[in-house]
Amino acid sequence: MRNVLRAGLIWVCLSGPGEAQSFDCPHVALIEDLAQRIMTQRADLSDLLTRRYGSRAAYVFLRYQAQQPTDWGLNLLASMEQPHPPRYLEQVQAAYAISRLGVDQGLAAVGQSVETALTEGGWNVWAAMIRAEGGAGFYLRVAVFRAGSGDVAKFEEQYRLGYGLAPLLLLFSDDDLLELATAAEAAGDLAAVVMALSARRDLTEYLNLIERHRDDPLVSSIDPAMLGLTARYHATIPPRPSGPDNSGMRAAIYDVVRATMHVGEMDYLTILLNQTGAFDEVSAAARAFMASDLATTQQDFDRLERVWTFLLRELAIQMPMDQLNQHLSSFSMPVYTRHYADTARETLDWMLAVVALRAYLTGTTDELPERPMEMSEAFDWPNWLALADRIKAGELSDVVQEETTIIAELMLAAGDFDAAIKIAQDQMATKDRLPFFRDVMLRLDRACRGVTVVPGQGFLLGGGVIYDFP
């Protein structure tokens, strides 16, 4: 009964004022629908699994329903608290409330404190605090907290001398970062200063900083180029704080890091580099990507597939395919990357198949494609061709359970989002359906308003999202 009431509250919330949408892309209604499905259907999962879903959906829904009044959003989030709130719900609540009401009033509205925000909020809530009060305001809060009797050690564990700020820095403008760095330097947090200044388009202040603190061991030990912070804007590797060091290995790593900052929502190059130590081969693929049009193409529904398969082809030029397959089979990708994610090798097989079949499924060509050369031998390409034929012919009355996920993905490739969602709703178990819905919601958002797009998230966030309410 409680689950029914919870679901009812979420849906009833939609009938509030301000229903009119700005349909700035054709996918808005579908994105909102998917978010609602996730928020309601998560209750059908076990207690452990239900916590994996809901926070991203709630965040996306709130961003797309930004015209709704604050109480409406707060009530929506409160409806998800019982009996098993999704992970990070409290961070979504705090970030949203702060964006609407300011730090003190916002935290009070969701039953949290500044101590909670600093010790448990992480980059989601810290970003909201910086947006609300600027870098100076954030460090004033930190100073007051450090001087008090709260759990300062817990904050410092997350803050990590300032390294904990790294994932959120690229959300901010050069002026915002300069203010943050100035406040951090006044607080004596030099690591945060190094990172904030190195994340700017203009590196003048960063270079001045390392010159002023050349003898400081902390400043000398930080290499922001390896953290990805300079890689968004700067093709040339900047000097190390301890002095120029453009050794071949450092330059190769920077090429890989720079590519991963432009790949999109998830990266596998740095994992491959760490697994293999193949600096020359992986950096060559990274440079080829950065020299391609793909590096500057706008985020959209299928850009990640095109980028990852491009990189795979470049890697196959650099190292033997059997060796590459062995490496790619040794690590897995998170399911929030794609609903079908498994080992990197299997994930890439799916991507190769989808990219190859898209033209046939959309009617651009009547010819079935050849098997992609980089596809692994174990991948059942003939079955995918047969399923693509059945989709084109509309012969899907006897789909077996094992083929449902493939068919749904091929329907997405064909551009028939409604049919893909229907087959997922009707034929997938909840544990398979919700990853699919989440994946489609996030992909569609990248082709729409991009509220889940975070600069460098494939590297800095491991494919995560910052719950940012600008």
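1. Helices (H or I, at least four residues) and strands (E, at least two) are taken as DSSP runs and numbered from the N terminus. The model is predicted, so that local features need pLDDT of at least 70 and side-chain atom pairs count only at pLDDT 80 or more, while totals for chains, interfaces and linings use all residues. Residues are numbered from 1 along each chain as its sequence is written, and side-chain values use heavy atoms, with hydrogens and water left out.

2. The loop between helix 5 and helix 6 holds Tyr88, which has a positive phi of about 75° although it is not a glycine. Pro83 also lies in the loop between helix 5 (70-78) and helix 6 (89-101), and the peptide bond that leads from Gln82 to Pro83 is cis, with omega near -5°. Most residues other than glycine have a negative phi, and most peptide bonds are trans.

3. A positive phi, near 50°, is also found at Arg160, a residue other than glycine. Arg160 sits in the loop between helix 10 (152-159) and helix 11 (166-169).

4. Helix 13 (residues 190-198) packs on helix 14 (residues 204-212) at an angle of about 150°, with the axes 8 Å apart; axes are lines fitted to C-alpha atoms, for helices over the stretch in contact, and angles run from 0 to 180 degrees between N-to-C directions. That makes helix 13 roughly antiparallel to helix 14, on a scale where angles under 35 degrees count as roughly parallel, over 145 as roughly antiparallel, 65 to 115 as roughly perpendicular and the rest as oblique. Val193, Val194, Leu197 and Ser198 of helix 13 make the contact with Glu205, Tyr206 and Leu209 of helix 14, where contact means heavy atoms within 4.5 Å.

5. Helix 23 (residues 381-393) and helix 24 (residues 404-413) pack at about 60°, with their axes 10 Å apart, and are therefore oblique to each other. From helix 23, Asn383, Trp384, Leu387, Ala388 and Ile391 meet Ile406, Ile407, Leu410 and Met411 in helix 24. The residues of this contact of helix 23 with helix 24 divide into eight nonpolar, one polar and no charged (Ala, Val, Leu, Ile, Met, Phe, Trp, Tyr, Cys and Pro count as nonpolar, Asp, Glu, Lys and Arg as charged, and the others, Gly among them, as polar).

6. How much space lies in the largest pocket? The volume is about 650 Å³, taken as the space filled by probe spheres set on grid points that are joined across faces, edges and corners. On a 1 Å grid over the protein atoms alone, a pocket is an open set of points where a 1.4 Å probe fits, with protein on both sides within 12 Å along at least five of seven lines, and lining residues have an atom within 4 Å of a point. Of the 29 residues that line the largest pocket, Arg56, Tyr88, Tyr336, Gly464 and Tyr467 are the closest to its centre. Helix 9 gives the most to this lining of the largest pocket, with four residues.

7. The second largest pocket holds about 400 Å³ of space. Its lining has 28 residues, and Arg232, Gln299, Val453, Val454 and Pro455 lie nearest the centre. Helix 17 gives the most to the lining of the second largest pocket, with four residues, and by class this lining has 11 nonpolar, 11 polar and six charged residues.
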